[in-house]
Amino acid sequence: MALSAGALAVAWISAAVAGTAYNTESGATHSFLKLLTERLEFTLERIPALGSHLIGLPDQIGGRTALLLVGIVVAGLLAENLVRLLLSRARVRGFDRLVGQSPLRAFGRALLLDVLALVGLAVAGRLVLRQIGDPESIGFKLGQQVFQAMIYWRTFNLVFRAWLRPAAPEGRIAPVDDDTARGLLIALNWVIVLPLLGNHAGRALELTGAPPEVVSAAVILYAPVIAACLLWVVRHWHKEMAAWLSAMVSPNKIGQRLKSDAANRWWVFGLIFYAMMGLAAIYAAIAESNTAARGLTVIESALIALLLFETLMHRITRHIVSELPMAGDVVADCLRLVARLFVVILIAEAMMVRVLGAMTPEQWLPHDRGAKVAAITAVAIYALWRFIKFRMDSYIAANPLPSADATGDTEEDVKVAASRLRTLMPLLRAISGAVILVVGGLLVLSELGVNITPLIAGASVLGLAVSFGSQSLVRDIVSGVFFLAEDSFRIGEYVDCSKVKGTVEGFSVRSLKLRHQNGQLHIVPFGQVGHITNFSRDWTVVKFNLAFAPGTDVELLRKTVKKLGLDMLEEPAFKPIIMQPLKMQGVVDIKDSQVIVRFKFMARPKNPSLIQRTAIRRMYDTLPGLGIHFATPTMTAYPTAMMPVGIPATVAPAPAPPAKPPAAPEAKVAAE
């Protein structure tokens, strides 16, 4: 920080050297320092004259006028507090009634009541000012200075009070507690009052006829005192301001750590800034040029206004984001960007034209115009990106992805594959952001006067070098583009990629993520995918075999299974899934005293195993009642004398239970 301040001071002095008459071909810095030293000595020699002038002020102004000058301040403050006291009950009622329904209306009503108190101050101060008499007299002009300074101070106090509200937390805009708000209100008032006193003190000396050298001597004396007081204010209330700034840092935004660190260490920048303001005031008194001091004042005002605006946006979005995400988030961020860019341009102009003196106003004009056009372009590009991102995020939130490892509580809870658009949406969002960032960045740089042709050429050469040096990466990306363009898979689908199988859980520009049913996650580069077999597209035919006892009535089995399949097809739970009902294909084998019968059905690939399990369960419940029995395992028992060598003796199984009687004719008719 010290090195930065020193560099800024050196640049400032160098710019001032360039603007002096002593800027010759050689020895310009030496001449400037010599001039500065001579003027400083000359100004300090006028301190006795300053004392003599101050001693003669009571005779020049008069006792009555001096009392009236004090009366302007006293009467104004009394009137303001009296009006505020009279309207306090109305303010409390307004907060209690409106803050829960419309916080902004409560804020506006309280601000209006504060404006009425300020009007009372202005009326009381003006009445006292008229008692001075002649408008052309020195006393009346001094009274105008006092009156203007008081109005300026109390206007800022009104704004700070509206944001902080130490006694009314329900109407507070700043995200701080009562004690912090009270300390911040005092600190901000000192920040306004101290420079205001110094500015109007110099004007008062000029009005009373003090020569410019005497005024400069006075400024040299009180400017360090004011600067020291401002530094004390910054150091004393730095924790309160850090709490205010830290509370507005969003934990979900980019750069949250950096913003938090800057908010907690803001006082370092504050000390440097107000030290520079004190040096600028002393330099203005010596060189009789207050351009740098005015530039720093503009920067201070812009930063305070930006802080208040950011705080207001923070409060607004905190209340309406959940109801109006488009208006409360996207629009608020665009307004923040507009305010920040405007403040950046304002600070740049103040630094280049006023503080450093590197440019004249005429020289800065083309740069100012280009900066404003670039800012408008940046805002338009940012608004476009936020709108596109909002629409994409809304679609993604409305269409959640299936989880490959999630299991339902019941067998009906199945995973559904994502749509093609939902599968590609994250990739489209990343590509859109990259394209908007690159194109928008080039447009902004072009508006700022930067030649973007070398940048485009350099990017082309870099892309060519990367393509030659990373051929496998290029092959993976190109293969992935074609796989995605052909809609080969979607998230949630079960695919076979030559070497591995699994459910598609995600993908990037170069690789595919597959979750195996046992839990393993396979990451396969697209360049290594020879082919993709998709098991979750369009339809699937499920075939399965069941073993029945010998002597099974195959025709009765066929008719019964056909009826079961038609019944399942008419059920609401299976009608959207089953494309062809369950039916028997026929006997495919006879072995080990078993009749092997094959069944099949066609269904959508949502969850065919559920249909298969349901069909087998209904066959298990229905077929035995019709005399159709499933096969039972058989074992061969050998007598001990006939048992082959090497086979241990076993106990013969119990005889099989007698077969059930054949089904009644009514049951057979019902089955048919």
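The largest nonpolar core of this predicted model has 46 residues, and those with the most contacts inside it are Leu164, Trp244 and Leu296. Such a core is a set of buried Ala, Val, Leu, Ile, Met, Phe, Trp, Tyr and Cys residues joined through side-chain atoms within 4.5 Å, where buried means under 20% relative accessible area, exposed means over 50%, and partly exposed lies in between (1.4 Å probe, protein chains only). Helices 7 (138-164), 8 (178-207), 9 (212-236), 10 (238-247), 12 (266-287), 13 (291-320) and 14 each supply at least two residues of this core, and the largest share, ten residues, comes from helix 13. Helices here are DSSP runs (H or I, at least four residues), as are strands (E, at least two), and both are numbered from the N terminus. Leaving aside neighbours within four places in sequence, Leu164 is in contact (heavy atoms within 4.5 Å) with Arg172, Ala174, Val176, Ala181, Leu184, Leu185, Leu188 and Trp244. Apart from this core lies another, of 26 residues, among them Leu546, Met568, Val597 and Leu626.

Residues are numbered from 1 along each chain as its sequence is written, and side-chain values use heavy atoms, with hydrogens and water left out. In this predicted model local features need pLDDT of at least 70 and side-chain atom pairs count only at pLDDT 80 or more, whereas totals for chains, interfaces and linings use all residues.

Seen as a whole, the protein chain has 21 helices and eight strands, and buried residues make up 36% of its 672 residues. Among contacts between residues at least 6 apart in sequence, 68% join residues at least 24 apart.

Charged residues come next. Side chains of opposite charge can pair when their charged atoms come close. A search of the whole structure finds 17 salt bridges, each being a side-chain nitrogen of Lys or Arg within 4 Å of a carboxyl oxygen of Asp or Glu. In one of them Asp114 pairs with Arg165, the closest N and O atoms being 2.7 Å apart, and this pair links distant parts of the chain, with Asp114 in helix 6 (residues 103-130) and Arg165 in the loop between helix 7 and helix 8, 51 residues apart. Asp114 is buried, at 1% relative accessible area, and Arg165 is buried as well, at 5%. Both belong to a network of salt bridges that also links Glu80, Arg84 and Arg154.

Another salt bridge joins Asp179 to Arg182, with the closest N and O atoms 3.1 Å apart; both residues lie in helix 8, three residues apart, about one turn of the helix. An α-helix has 3.6 residues a turn, so residues three or four places apart point the same way. Asp179 is exposed, with a relative accessible area of 59%, while Arg182 is partly exposed, at 41%.
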